[in-house]
Amino acid sequence: MSDKPEEFVAGELLRALGKVAMPEQRVLEDAREALWSAIAGEMLGIGPERDRVKRRPANPQDRRKMSQGGGGPEG
Amino acid sequence: MAGRGVARSDVEPDGVLIERSVRGRPDAFVEVVRRHEVALHRYLARRAGRPAADDLLAEVWLRAFAARGGYHTTHGDARPWLYGIARNVLREHWRTSRGDEPAALDELRIDPWDGINARLDSAERAKAMMSAVRALPAAEREVLLLVAWEQLTPGEAAKVLGVPQGTARSRLHRARATLRRALSEYDAEKAGAST
């Protein structure tokens, strides 16, 4: 925050409160995999990715079902 | 500093990669993702919890990829743009799940209570700080946490939020003052209770 001792303590405490663990590698890879699908779609000229994204369910659980074969916009 | 490696002269800026991804090499976008994926996941995890972050990260990349044509490629560092997209994803998540950010902050599984104790103060003090953070007006809290947790400059935070720099700076100033006051009051209360 600044060099004032009380501000330093408040800033350090706040930063410490924001500590979170590293994401699992698998999670990062899964997210990249979804991106690669979009990239492949664009390279193959399969419809605008934007439309597909808009139709993705907002609920993460529904998205997971969809990615696990629960039926997606492409079939 | 993590996430700022793109400033090295031998590394292509994010803006160049994004421009390339628009001009026939969409795969160039993956390098941008690799650079910022840990930081973006942490941002999502701090605001919505780790399980939700795991689910939402792909959504951020898909939206960013779909929107990359509108990226101002003279901006070398894509982080403010990516955080802006992640913020929109979070808002939709809060809308469809818990309701708002303070509720999500309640859910934060902050592991380092013991670590903080050793170096700084009691867990109660940390809780008092977190309580003060939650009580901040949303606009002030957003700037504060983008700067304190995501290591963005006030100018970058302004870009994320789509507000003028001066607005972001004054919100940051007010938020910091509020937290200092809350911490002082907590300390005074504690000192009074122990005498």
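This is a predicted model: local features need pLDDT of at least 70, side-chain atom pairs count only at pLDDT 80 or more; totals for chains, interfaces and linings use all residues.
Residues are numbered from 1 along each chain as written, and chains are lettered from A in the order in which they are written. Local features need pLDDT of at least 70 and side-chain atom pairs pLDDT 80 or more, while totals for chains, interfaces and linings use all residues, and side-chain values use heavy atoms, without hydrogens or water.

Select Leu14(A), Leu44(B), Trp61(B), Trp81(B) and Met129(B), which have the most contacts inside the largest nonpolar core, a set of 65 residues (buried Ala, Val, Leu, Ile, Met, Phe, Trp, Tyr and Cys joined through side-chain atoms within 4.5 Å; buried means under 20% relative accessible area with a 1.4 Å probe, protein chains only). Helix 3 of chain B, residues 50-67, gives the most to this core, with ten residues (helices are DSSP runs of H or I, at least four residues, numbered from the N terminus).

Next, centre on Trp61(B), whose contacts (heavy atoms within 4.5 Å) include Ala31(A) and Leu35(A) as well as Phe29(B) and Leu82(B), leaving aside residues up to four places away in sequence.

Now show helix 2 of chain B, residues 29-48, which packs against helix 3 of chain B at an angle of about 140°, with the axes 9 Å apart (lines fitted to C-alpha atoms over the stretch in contact, with angles from 0 to 180 degrees between N-to-C directions). Among the residues making this contact are Leu40(B) and Leu44(B) of helix 2 and Leu57(B) and Trp61(B) of helix 3.

Finally, select helix 8 of chain B, residues 138-148, which is largely enclosed by the rest of the structure because nine of its eleven residues are buried, including Glu140(B), Arg141(B) and Leu145(B).

Note on methods:
Buried means under 20% relative accessible area, exposed over 50%, partly exposed in between (1.4 Å probe, protein chains only). Helices (H or I, at least four residues) and strands (E, at least two) are DSSP runs, numbered from the N terminus.
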